[in-house]
Amino acid sequence: LVLCSDCAARLDRTLALESQGANVPLAVILGTGAAVAAAAAWYAVTALTPTYIGVIAVAVGWLVGQAVVFGAGRKRGGVLSWISVALAVCALGVAQILTLRYATAQAVSEATVTQAPLVLPPDQTLRLLWELIKASPLTPLFWGIAIWEAYAIPRSRRVRRYRRESA
């Protein structure tokens, strides 16, 4: 898209308004709700299907980013990107822990042990997470894309100017 300098300046001013007056408390509330819903949905998909679907992580980041922007009153920029990233990482972590807990419970039930612990010790959780990454090496890639989406959606938008090359 090529704009004249006046149109580019007008668009710059319009985009600058997007970062003013954000409703941060509502952004946090809606972002948290989206993070909880996304983590629960990812866990449900994992529990109801026999496979781990890592690409769902991307949807988690996207959903949290969209919810933060919506909650902020369609505003962007400032602290909103970092709020979105923090909530997305929490959602990804909780979904991962729930998934590991489910897998552990399944393994325990197959081993005829009476009950799996509700929360695994941190060292066992990290060891299981490492095993999951080894079994599904695309997991870090999906997490990275999810975190990027969570950051990029609420970040400030601005007009990029390129110099014309003269012939």
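Helices α3 (residues 56–71) and α6 (residues 139–152) have axes that come within 7 Å and cross at roughly 10°. Axes here are lines fitted to C-alpha atoms over the stretch in contact, with angles from 0 to 180 degrees between N-to-C directions, and helices are DSSP runs of H or I, at least four residues, numbered from the N terminus. That makes α3 and α6 roughly parallel, the word for angles under 35 degrees. This is a predicted model, where local features need pLDDT of at least 70, side-chain atom pairs count only at pLDDT 80 or more, and totals for chains, interfaces and linings use all residues. Residues are numbered from 1 along each chain as its sequence is written, and side-chain values use heavy atoms, leaving out hydrogens and water.

Here's who touches whom (contact means heavy atoms within 4.5 Å):

| α3 | Ala 57, Val 58, Gly 61, Trp 62, Gly 65 |
| α6 | Phe 142, Trp 143, Ile 145, Ala 146, Glu 149, Ala 150 |

By type, that's eight nonpolar, two polar and one charged; Gly counts as polar and Glu as charged.

Now for salt bridges: the structure holds two, each a side-chain nitrogen of Lys or Arg within 4 Å of a carboxyl oxygen of Asp or Glu. One pairs Arg 76 with Glu 18 at 3.9 Å, N to O. This pair ties together distant parts of the chain, 58 residues apart: Arg 76 sits in the loop between α3 and α4 (80–110), Glu 18 in the loop between α1 (5–17) and α2.

Key
Helices (H or I, at least four residues) and strands (E, at least two) are DSSP runs, numbered from the N terminus. Angles under 35 degrees count as roughly parallel, over 145 as roughly antiparallel, 65 to 115 as roughly perpendicular and the rest as oblique.
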